[in-house]
Amino acid sequence: MHKKLNFEIIRTIAAIALSLLVAFIIILAVSKEPGEAFKMLLMGPLSSVRHFGNVIEMMIPLTFTGLAVSVMFQAKQFNLGADGAFFIGAVGATIIALEMSMPPVIHPTVAIIFGGALGAITCMIPGILKNKWKANEVVSSLMLNYIMLYLGIYIIKNHLRDINAGTTVSQKFPSTAKLPKIVPNTRIHVGLIIVIALVVILYFFMYKSKHGYEIRMTGQNPMFAKYSGINVNKVIINTQILGGFIAGIGGAVEVLGMYSRFEWQTSPNYGWDGIIVAILARNNPALVPVGAFFLAYLRVGADLMSRMTDVQNEVVAIIQGIMIVLIDAESFLSYWKKKRTFKEATSKTEIASQNLKTN
Amino acid sequence: MKTLFNIIFSVNFGYAVLRVTTPILFATLAALISDKAGVINIGLEGIMLSSALAGVIVSAATQSAWIGLLGALIVGTLMGVLLAYFSLDLKADTTLSGIAINLMASGGTIFVLYLVAHDKGISTSLKSMVLPKITIPLIDKIPVVGGILSGHNVLTYISLLSVILMYILLFKTPLGLKIRSVGENPDAASSVGINVKKVKYLALAISGMLAGFGGAYMSMGYVSWFSQNMTAGRGFIALAAEAMGSSSPLASFLAALIFGIADALSNSIQSLRLPPEFVQSIPYIATIIGLIVNSAKADSKKAKAEEEK
C-alpha cells in the first residue's frame, strides 16, 4: 500500500516535470527571451509578498472547486457542473448581500449558505436525471453550466445591476457582507480559514466516517456497494449535492472576499480548474490544497510571465492538459513500475528459495 | 405569438436552420462513429475549435480556402489520433482525456492566435478565406424549397452527404462491421481476429476529421473569422444529439436538426423582446430535455425487453 502511494507521488511529479519540459520547449520556440520567460513562470510568484499573496488568493477558489470535484469523482460521478455551481453560488451570495441587510458576520454567513444551496441544486439536477432516466451526467451537467451562466447574468443584469457603471456589474456590496482581509499587503481574506476548515472536515468525512466510506465504495465497486446494503442511488445523489454545495460556497466566498461587487461577464472557469486540482490531488481532500497551490502558483507565474515577457499565459493550458493525461494514464511509467515489482518478486522468491534450502 | 409563428414559418428560418445545424451535424456524426467504436469523444469541442483556427491560419497563409479546409481536416484527424493515443496507449480515462483535449484547445488556440494575429480575441487581422456558397440549379427555382435548400455553404451539403456516407460506412462496409463489433463487444471482436486497438484508432481519426469539417465550417463558412471559444458548446450539444439518435445516422441527423432549430430559434426570436439570456439558453435546455426523453425511451424499451423475457 505504502509502495503504491510512493509510486503515485513519483508518477505525479514526473508528469508535472514532463509537462513543464514541453512548456519550456514551446517557450523556447516562440520567445525572444526564453530564459527570462521561464524564470518568471517558475520564480515570479516568489518575487514579492504581493505576488505570493496572489497565489494564496487564487488557491482559495481552486481548493473549493477541487474539493467539490474530488468528492463527486470519488463516487465515480463525472458531474462537470462545478463550474455552473460556482458561478450561481457567487450570484446567490450577491443577491443576499444586496437585497438584505443584516449585521456583520451573520450577513456573509447567510449569503455563503444561500450560494452553497444554489450550487447544490445545480449539481443535484444531473444526479436526479441520471437516477430517474439514466441520462448521462457528463452531457447534462455541461449543459447546466451554460444555463446557470445565462441565468446568473440575467439576475445580475435585471435585478442587481448598477446602472451608473459602464458594464454589467452589480451594485457595490455593503460592508456588512464582505469577508474581511486577514494578511496585510495582500488580498488574502477569511475565505482561507473557511476553506482550510472545510479541507479538514472533508478529509475526516471521506476517510473516517460511514458516509465517506459509502461514497468511496460506491465509486470503487458499485455492485459490491449495492450487495453490501448501501443505497447506491441515494449515495450518488447526495454526493453530487455535497459537491455542488461546496462549489457554490466557493463562488460565494470568492465574490465576497475578493470583489467589491459582482463583475464577472462570463464564467471564471474555476469549476474546470477544480477538475485539474482533483486529478493532481488524486481525489484526496487532504491533498487538494497542495494541488490548488501548485496550479495557482503556475497561473500567477504565467500571468507575470505574460506581463513581463513576450510569452502569453495561455501556455499554461498546454501544461495542464498534458498533466491531466499523464497523471491519469495507467501506462505512464508502468514499465518502470513493472520492472520494480519484478525485481521485488524475484528477490522475494530468491529469499524464499534460500530459506527452503537452509531448512 | 403571431410574430413567433411568422418567424418559424418563413424561408429565412428554414435556411437558418440548415445553416446552424451544419456544425452540430458534423460533430454529431463525429460523436456517432466514435461511440460506435465504444469511445465517448468528449474532446469534440476542442477538436472543432482547433480545426477552426487551423482553417483560418492555413487559408490566410495560402490564400486558398480549400487548402485551409485541408489544414483543418488534418488538425482534426491528428487530434482524434491524439485522443486515441491518450486513452488507448497511455490508458488514461477517456472522459478525462477528452477534457484535457478541450482544455488544451481552449487555451492553446488563444496562444496560437496571439502568435499569428497579435490578438487574443479575434482573427480579423488575418486575411483568411471563406469556402464558397453553392446555388443548386433547378432546385433554386422552386419557390420556398429553393430558398431553404439552395445557396448554402459547400460544407452544409457535405454534411448532409456525410449522413449517407456514414450510413454506408457503418452498415455496408467491412470496416463498419468491424467498428460496430469492436464497440459492442471488444472481446468477441478480438477473438475473431479483429485488431481492436487499430479499429478504435481509425474510428477516432475519422471522428476527428468530421469534427475538423465542423470546425472549418465555423470559421470559414458560418462566419469568416476565428474568435476565442467560438464553438460555444456545440461539441457537447453534438454528444447529446448523438445520444438522442443513437442507433442510426439518420436519427442522429434528425436529432441534430432539432438542436439546429433550437439554435436558429435563439438567433431569430431575439427580436421578440425576450431576455437574451433566456433565448441563448434555449439550445442547452433543449439538449437536457432531449437527453431525458431519449434516455427515458431507451430505459422503457429495455424494461419492456426484460419483461418479455
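This is a predicted model: local features need pLDDT of at least 70, side-chain atom pairs count only at pLDDT 80 or more; totals for chains, interfaces and linings use all residues.
Ala252(A) is buried, with a relative accessible area of 0%. Ala252(A) belongs to helix H10 of chain A, which covers residues 232-258.

What does Ala252(A) touch, once its neighbours within four places in sequence are left aside? The contacts are Gly89(A), Ala90(A), Ala93(A), Ala111(A), Ile112(A) and Gly115(A). Thr109(A) sits 143 residues away from Ala252(A) in sequence, yet the two C-alpha atoms are 9.7 Å apart in space.

## Helix H13

H13 of chain A takes in residues 315-328, 14 residues in total. At 1.5 Å a residue that should give a span of 20 Å, and the end C-alpha atoms are 21 Å apart, which agrees.

Is H13(A) mostly enclosed or mostly open? Of its 14 residues, 13 are buried, so the rest of the structure largely encloses this helix.

## Where A meets B

The contact between the chains draws on 45 residues from chain A and 43 residues from chain B. About 3,800 Å² is buried between chain A and chain B, with carbon and sulfur atoms giving 78% of that area. Two salt bridges turn up across the interface. Lys157(A) pairs with Glu277(B) in a salt bridge, and their closest N and O atoms are 2.7 Å apart.

Ser97(B) also reaches across to the other chain: its contacts beyond four places in sequence include Val325(A). Ser97(B) is part of helix H5 of chain B, residues 94-117, and is buried at a relative accessible area of 1%.

## Salt bridges inside chain A

Over all chains, the search comes up with eight salt bridges. In one of them, the side chains of Arg187(A) and Glu57(A) meet at 3.5 Å, N to O. This pair ties together distant parts of the chain, 130 residues apart: Arg187(A) is in the loop between H6 (137-160) and H7 (191-208), while Glu57(A) is in H3 (residues 49-74). Arg187(A) counts as partly exposed at 41% relative accessibility, whereas Glu57(A) counts as buried at 3%.

Asp162(A) and Arg261(A) form another salt bridge, with the closest N and O atoms 3.4 Å apart. Here too the pair links distant parts of the chain, 99 residues apart, with Asp162(A) in the loop between H6 and H7 and Arg261(A) in the loop between H10 and H11 (270-280). Both Asp162(A) and Arg261(A) are buried.

## A bridge within one helix

Glu214(A) and Lys210(A) form a salt bridge as well, at 3.5 Å between the closest N and O atoms. Both lie in helix H8 of chain A (residues 210-220), four residues apart, or about one turn of the helix. An α-helix has 3.6 residues a turn, so residues three or four places apart point the same way. Even so, Glu214(A) is buried, with a relative accessible area of 16%, and Lys210(A) counts as exposed at 58%.

## A nonpolar patch on chain B

Which residues make the nonpolar surface patch of about 360 Å²? The set is Val11(B), Ile142(B), Val144(B), Val145(B) and Leu149(B). Val144(B) comes from the loop between strand E1 (133-134) and helix H6 (145-149) of chain B, and is exposed, with a relative accessible area of 51%.

How values were computed:
Residues are numbered from 1 along each chain as its sequence is written. Chains are lettered from A and ligands numbered from 1 in the order in which they are written. Side-chain values use heavy atoms; hydrogens and water are left out. Helices (H or I, at least four residues) and strands (E, at least two) are DSSP runs, numbered from the N terminus. The expected span of a helix is 1.5 Å times one less than its number of residues. Buried means under 20% relative accessible area, exposed over 50%, partly exposed in between (1.4 Å probe, protein chains only). Patches are made of residues with over 30% relative accessible area and no salt bridge: like charges are joined within 9 Å, nonpolar side chains (Val, Leu, Ile, Met, Phe, Trp, Tyr) within 5 Å. Accessible areas come from the Shrake-Rupley method with a 1.4 Å probe; for residues, only the protein chains shown count as cover. A salt bridge is a side-chain nitrogen of Lys or Arg within 4 Å of a carboxyl oxygen of Asp or Glu. Contact means heavy atoms within 4.5 Å. Buried area is the accessible area (1.4 Å probe) that two parts lose on being put together, summed over both.
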